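The sequence and model are shown first.

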Amino acid sequence: VSADAEPIRVLVTGAAGQIAYSLLYSIAKGDVFGKDQPIILVLLDITPMLPVLDGVVMELQDCALPLLREVIPTDKVEVGFKDLDAAILVGSMPRKEGMERKDLLNANVAIFKTQGEALEKYAKKTVKVLVVGNPANTNCLIASKSAPSIPKENFSCLTRLDHNRARSQVAMRVGVPSDSVKNVIIWGNHSSTQYPDVHHAIVNHHGKEMSGFDAVNDESWLKGDFITTVQQRGAAVIKARKLSSAMSAAKAICDHMRDIWFGTPDGEWVSMGVYSTGNSYGVPNDLMYSFPVMIKNKTWKVVDGLSINDFSRGKMDATAAELVDERDTALTFLGA
């Protein structure tokens, strides 16, 4: 650890929750921002969670991590969002039983408007903001609209968990390690309309590179059960575990932020929900939509010009339509 490196300030919201519990150790020990990058961790949660947060702070102290310079627990946005280099917005209003989607949206618009305004007022203009709390794409859009002086490109939402799920499903099916599968794509919303696309995936099958379709060699699975398994994986985990995915979500957050910080490997892309503006895929503007992206110098670029067949087109349009609908509902709440 170089003693002279300036610490970066990293905020995690919903910091007393279970995703954060799986996430904070990885960040604090250097898995995300680098092994020689000191960190000040800012932990924000709602007031009733502060006693729990104190326990999390004690545990972080007890890990005795050399990179962790300071831990700041708070329930105040002016403390939480001050001078941030990175913000990981995990906290959101979860959907309760019998709750209408629009009620969920209304509650979250209020949260992410407040957080966007706090980013605008207190954070660095270079801050990288990752929205995890659901509905992540629309929450991310609302936050970015509420922080007009921070570039739209600095906001992204998490579809890396879906990307990792897709990669792993293909790898298990073919019988190779998951890093032998690259360039799967998650298009659209982090919801059950998302489209996990294998048409451009490459599988290293025991030393030989082949297309995902050739390696799997089962088109009906790839166009059927594979897609629904990835789309509904979150629900399947909740059904089994009685709690939502925390370990895998935390790992995906780490992957996503590390790729923003250090870039993607040559010839590989990852999936991220990013601001859509003028792309070759006919995705409507002014959405946070998951695309394949390559990242360099902390800047992402959509991988443009991939061929899209009719099957893919239909799925990409359906998830876009859902996002337009969500956005328009959310914007009425934002205006209200």
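Which residue follows α1, and is its phi positive or negative? The residue after α1 is Gly30, and its phi is positive, near 100 degrees. The model is a predicted one.

Helix α1 covers residues 18–28. Its buried residues are Ile19, Ala20, Leu23, Leu24, Ser26, Ile27 and Ala28. An α-helix has 3.6 residues a turn, so residues three or four places apart point the same way. The cover over the buried residues of α1 includes the strands β1 (8–13), β2 (39–44), β3 (68–74) and β4 (86–89), together with the helices α2 (50–62) and α11 (247–262).

Helix α5 (residues 136–145) has nine of its ten residues buried, so the rest of the structure largely encloses it. The buried positions are Ala136, Asn137, Thr138, Asn139, Cys140, Leu141, Ile142, Ala143 and Ser144. They pack against the helices α4 (101–122) and α12 (310–335) and against the strands β5 (128–131), β6 (155–157), β12 (270–275) and β13 (288–296).

**Trp187**

Trp187 belongs to strand β8, residues 185–187. Its relative accessibility is 0%, so Trp187 counts as buried, the cut-off being under 20%. With neighbours within four places in sequence set aside, Trp187 is in contact with Gln194, Tyr195, Asp197, Tyr281, Tyr289, Ser290, Phe291, Pro292, Ile308, Met316 and Thr319. With one of these, Asp197, the Trp187 side chain makes a side-chain polar contact of 2.9 Å. Met272 is 85 residues from Trp187 along the chain, yet their C-alpha atoms are 8.8 Å apart.

**The chain as a whole**

Twelve helices and 14 strands make up the secondary structure listed for the chain. The radius of gyration is 20 Å, close to the 20 Å that the globule rule gives for 336 residues, so the chain is as compact as a globular protein of that length. Of the contacts with a separation of 6 or more, 73% are between residues 24 or more positions apart.

Further values for the chain are tabulated here.

| Property | Value |
|---|---|
| Span of the C-alpha trace along the principal axes | about 50 × 50 × 40 Å |
| Buried share of the 336 residues | 51% |
| Distance between the centres of positive and negative side chains | 0 Å |

The charged side chains number 36 positive and 39 negative.

How values were computed: Residues numbered from 1 in each chain as written. Predicted model: local features only at pLDDT ≥ 70, side-chain atom pairs only at ≥ 80, totals over all residues. Heavy atoms only, no water. Helix = DSSP H or I, 4+ residues; strand = E, 2+ residues; numbered from the N terminus. Rg over C-alpha atoms; globule rule 2.2 N^0.38 Å. Buried < 20%, exposed > 50% of the residue type's maximum accessible area, 1.4 Å probe, protein only. Contact = heavy atoms within 4.5 Å. Lys, Arg positive; Asp, Glu negative; His and termini not counted. Charge placed at Lys NZ, Arg CZ, Asp CG, Glu CD. Polar contact = N/O pair within 3.5 Å; in protein donor to acceptor, adjacent residues only side chain to side chain.
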